[in-house]
Amino acid sequence: MTLTRREDSLKIRAGILKPLGWGRNAKILVLTEPLWSIPMSWIFFYRPIFLKEAVGLSEVEIGLLSTIPTFSSIVLPLAGGYLADKFGRKRILMLFDTISWIPSLILWILTRNLWYALAAYILENLSCLIYSVWECLLVEDTIPERRSGVYGYVSLIYNIGALSTPIAGYIIGAFNVDLGLRILFAAALISITLMVTIRQIYLQETKLGYKIMNERSITGFRGYLLSLSIIRKNRVIIALLFCSIVASFYNSIIIYLSLFLISKNGLGLTRELASLMPLAISFSALILNFFVVPKLMKRDSYSKALILSHLFGIIGLAVLIYSPRGNLFSIFLSGILLGIYQVSAFSISRTFLTNEIEIIDPKARAKILSVIITFSSLVSLPIPSLAGYLFMLNPRFPFLLASVMVTLGLVAISLSLLHGRSETSAIITIPS
């Protein structure tokens, strides 16, 4: 039988990833991830500057807008876990991926004041509903030993996008902040529309997703109660929950990084030189995600990698805080160390978490992930506004707070490793 060109092309691309032992959905999600991660990594880095200089918002107003993602991720992931179990992972992912990113990017192109930005943030953060759904599609048809590679390559692709941030810096330098960001918003709109189209054609509902929809064994409020019981009785999941809270703190504070780099009271770099920081972060993260993360396959290796990466994160934040004004070497060194931490905050900790859930009961995955995302966001809800206030007092203060939180994350993982070596995971079977 003769294959069509499109089928032939898909087979060739899927064949590239076949030796990795990934499921179909993992291949499609990873292959299309650059269409989101590259343009959005540029936008996330430069958007605070756009809001300050082009829209005219203060640091506190930027912080208040930045609480919207945190607030959204308190409520919406719980709804996402419920809807995914009831209606299917693919259906919910495609619905909310479409209605969150495409209309919000149109609004960002048009944004001239606080109210446009507020509406764009609200629409964009409907995507919080599908955080856990996306992860379920990413890992459910892939064997646990290969999931670190899946997460590693997703993170690697995001870091490739961040490595190309100087391109965005050049566009902004050539067209100014106002027009330059609007060009980036338009490019992201085209790219994400293509991504959504490809995923709608090629993604499939997972086998576990079909099983849960048919059995209805963990849908509804009872499923959340059982998920909370699983979290409470598993020491490792509790430690990973705390690490998720720390990562949420870190991400809420790191939105001020671009402002800190260009601020006269901060490090005093030009907008073009400021793009070297994400370049450095991505450089180290890229190497780790390519060469190290896919080789991590056991519980002990995850624990040790998390401890080391948190330690490097603390050192990286210290170097950033005490960097002399305009010193590119210390800024680049800080970026390399923070890149190591950011690998752990996503690739390693998420692999560790999904595999722990696999040991207990994989049918609880969507709801456990939803609960963890919700709780992390709830605890860190006031952080963006607090960081904005601290930034006004001293641009280094928010990063000092971040270093304290990463230190607490290091303590949590270390204690879990110390007390959990001889423990087996508490297993709770959810009746089918």
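The model is predicted: local features need pLDDT of at least 70, side-chain atom pairs count only at pLDDT 80 or more, and totals for chains, interfaces and linings use all residues. Residues are numbered from 1 along each chain as its sequence is written, and side-chain values use heavy atoms, without hydrogens and water.

**Exercise 1.** Describe how helix H16 packs on helix H17.

Solution. 
- Locate the helices (DSSP runs of H or I, at least four residues, numbered from the N terminus). H16 spans residues 299-321 and H17 residues 328-360.
- Take the axes (lines fitted to C-alpha atoms over the stretch in contact, with angles from 0 to 180 degrees between N-to-C directions). They come within 7 Å and cross at roughly 150°.
- Classify the angle. Over 145 degrees counts as roughly antiparallel, and H16 and H17 are therefore roughly antiparallel to each other.

**Exercise 2.** Decide whether helix H2 is enclosed or open, using its buried residues.

Solution. 
- Apply the cut-off: buried means under 20% relative accessible area (1.4 Å probe, protein chains only).
- List the buried residues of H2: Asn25, Ala26, Lys27, Ile28, Leu29, Val30 and Thr32.
- Conclude. Seven of the nine residues in H2 (residues 24-32) are buried, so the helix is largely enclosed by the rest of the structure.

**Exercise 3.** Find the residues that Leu261 contacts beyond its sequence neighbours.

Solution. 
- Set aside neighbours within four places in sequence.
- Search for contacts (heavy atoms within 4.5 Å). Leu261 touches Phe45, Leu267, Gly268, Leu269, Ala274, Met277 and Ile331.
- Of its 94 residues, Leu51, Leu93, Leu261 and Phe399 touch the most other members.

Technical notes: Core = buried A, V, L, I, M, F, W, Y, C linked by side-chain atoms within 4.5 Å. Buried < 20%, exposed > 50% of the residue type's maximum accessible area, 1.4 Å probe, protein only. Helix = DSSP H or I, 4+ residues; strand = E, 2+ residues; numbered from the N terminus. Parallel < 35°, antiparallel > 145°, perpendicular 65-115°, else oblique.
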